[in-house]
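Work through the exercises below with the model open. Try each task before reading its solution.

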Amino acid sequence: MWSNYKKDVVAMLLAGGQGSRLGVLTNFVAKPAVPFGGKYRIIDFTLSNCVNSGIDTIGVLTQYRPLELNAYIGSGQPWDLDRLFGGVTILPPYLKEDSGEWYKGTANAIYQNLHYIERYNPEYVLILSGDHVYKMNYKWLLDYHKQKGADCTISVLNVPYEEASRFGVMSVDHDFRIYEFEEKPKEPKSTLASMGVYIFTWQKLKEHLAIDEKDAQSYNDFGHDIVPRMIQSGEKVYAYEFRGYWKDVGTIESLWEANMDLLDPHVPIYLDDPLWWMYSRNSLQAPQYIGENAVIRNSYVTEGCVIEGAEIEHSLIFPSVRIGPGAVIRNSVIMNNAVIQEGAMVDFSIVAPEANIGKNALVGISDNQDYWQRRTNITVIGRGCHIGDGATVEVGSTVAESVPEKQAAEKAGAQPTGSVPEKQAAEESGAAAATPEENDGAAQAAKEEGAAC
């Protein structure tokens, strides 16, 4: 039908990762669908970057818990991607005539969808991740790729040496041509780190995907297999240095930090830039209501919220949140449809959608008010969890199940303070709280997320 049509660039957006290091926040949704920044989802950044860069043909590869993400993207209308030719297409794994399997890795996910790319016969293919927060003009990356006559170009950041082992790092010559690439090395030889943004000349990509698929020892991963093989075979692989804001929000701490960065006027990640709009699916809520006794400082409060006589400072309040009189919220992310009841106190926490914090409950409250120490020990309340009246959730806890109110706990012979000790809540529910090692990202966790896109 479309054999006479052609797209210069097709983007393939890897959005099927579980995001296991986000713990209870991804129990029900894939990482790219996690709410962010008041009214967005994480994937909105990549979709908006594509649209603002003039790229209108995007395949979104899903795998882990795709229902909410699929429903959110829908026809692509909020991003002007509801098109007859091109637009956005959801690409889950599927059964073929003689076989069928899950996506085994990032490269295999693209290989299984070669037919989607071929229908547009592009010159270039852009490979993206749906779980990073950044603004980037991909047209500049494409122009650089063309200028260099490259077969593959990787967008990179210069990171501190102590962080380099968390990324794929590369060594380059004077012309920024890559001559060595290592995936998460223990002793990095460079501080140029991959952002997980690649652009390939289509014919070269297709050739190397076919080679990789035949290699029984391959991890079927771009960073681990495809890029090193292209360098070793003499292909022209270049690095493109990106100098803007970029954050991988794959851990509780990094997700919290990225949300807080939106409140810092000195951090260059602005959601209201008229030259680079951030698009999202509008929740169509009523206007926010702020009671006469409420006090709000340096915070985002979005539509549909009812804020009675509460105090809110340095926090993000997502759509349809209800906060009762006398409640105090500081340094926290309160996600969609959560309820914070009268007199409750929340600090340095992430409260997931539909959670309910009871009257006079204490979540993440500590005598230690050192901001730089507290920001590395975030308390998390899971989706739909109810924290009973007067209960205490201690600093750094991850709550995956509801916590009884203080009085009920005492009658049942539970802890008389109604408290949830650090990490214990998650462990008792079978979901261990995040440890520093998990938050740094073990190799296996990284492979699992990458393998699932």
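**Exercise 1. Surface and burial**

Solution. Next, burial: 56% of the 453 residues are buried (under 20% relative accessible area; exposed is over 50%, partly exposed in between; 1.4 Å probe, protein chains only).

The model is predicted: local features need pLDDT of at least 70, side-chain atom pairs count only at pLDDT 80 or more, and totals for chains, interfaces and linings use all residues. Residues are numbered from 1 along each chain as its sequence is written, and side-chain values use heavy atoms, leaving out hydrogens and water.

**Exercise 2. Elements and contacts**

Task: Count the helices and strands, then find what share of the contacts joins residues at least 24 apart.

Solution. The protein has 13 helices and 32 strands. Both are DSSP runs numbered from the N terminus: helices are H or I with at least four residues, strands are E with at least two. Now take contacts (heavy atoms within 4.5 Å) between residues at least 6 apart in sequence. Of these, 60% join residues at least 24 apart.

**Exercise 3. Strand 11 and its partners**

Task: Which strands pair with strand 11, and over how many bridges?

Solution. Two strands pair if DSSP finds at least two bridges between them.

1. Start with strand 11, residues 192–201: nine of its ten residues are buried.
2. Strand 6 (residues 124–129) pairs with strand 11 in the antiparallel sense over four bridges. Here valine 125 stands opposite phenylalanine 200.
3. Strand 8 (residues 152–158) runs antiparallel to strand 11, joined by six bridges. Asparagine 158 has leucine 192 as its bridge partner.
4. Strand 9 (residues 168–172) is antiparallel to strand 11 over two bridges. Valine 169 stands opposite alanine 193, and methionine 170 is bridged to leucine 192.

**Exercise 4. The hairpin**

Task: Find the residue with a positive phi in the hairpin of strand 9 and strand 10.

Solution. Strand 9 has four of its five residues buried. Five bridges join strand 9 to the antiparallel strand 10 (residues 178–183). Methionine 170 faces phenylalanine 181 across this pairing. Five residues lie between the strands, and phenylalanine 176 takes a positive phi near 70°.

**Exercise 5. Helix against helix**

Task: Describe how helix 6 and helix 7 pack, giving angle and axis distance.

Solution. Helix 6 (residues 202–214) and helix 7 (residues 222–232) pack at about 115°, with their axes 10 Å apart. Axes are lines fitted to C-alpha atoms, for helices over the stretch in contact, and angles run from 0 to 180 degrees between N-to-C directions. From helix 6 come Leu205, His208, Leu209, Ile211 and Asp212; they meet Phe222, Asp225, Ile226, Arg229 and Met230 of helix 7. The contact residues divide into six nonpolar, one polar and three charged.

**Exercise 6. The parallel sheet**

Task: Why is one side of strand 16 and of strand 31 left without a neighbour in the sheet?

Solution. The open sheet has six strands in the order 16-19-22-25-28-31, with parallel pairing. Strand 16 (300–301) and strand 31 (398–399) stand at the edges, each with a single partner strand, so one side of each lacks a neighbour in the sheet. Further in, strand 22 (residues 333–334) and strand 25 (residues 349–351) pair over two bridges. Isoleucine 334 has valine 351 as its bridge partner. Helix 8 (residues 252–261) packs on the sheet, and its direction makes about 90° with that of strand 25.

Terms used:
Ala, Val, Leu, Ile, Met, Phe, Trp, Tyr, Cys and Pro count as nonpolar, Asp, Glu, Lys and Arg as charged, and the others, Gly among them, as polar.
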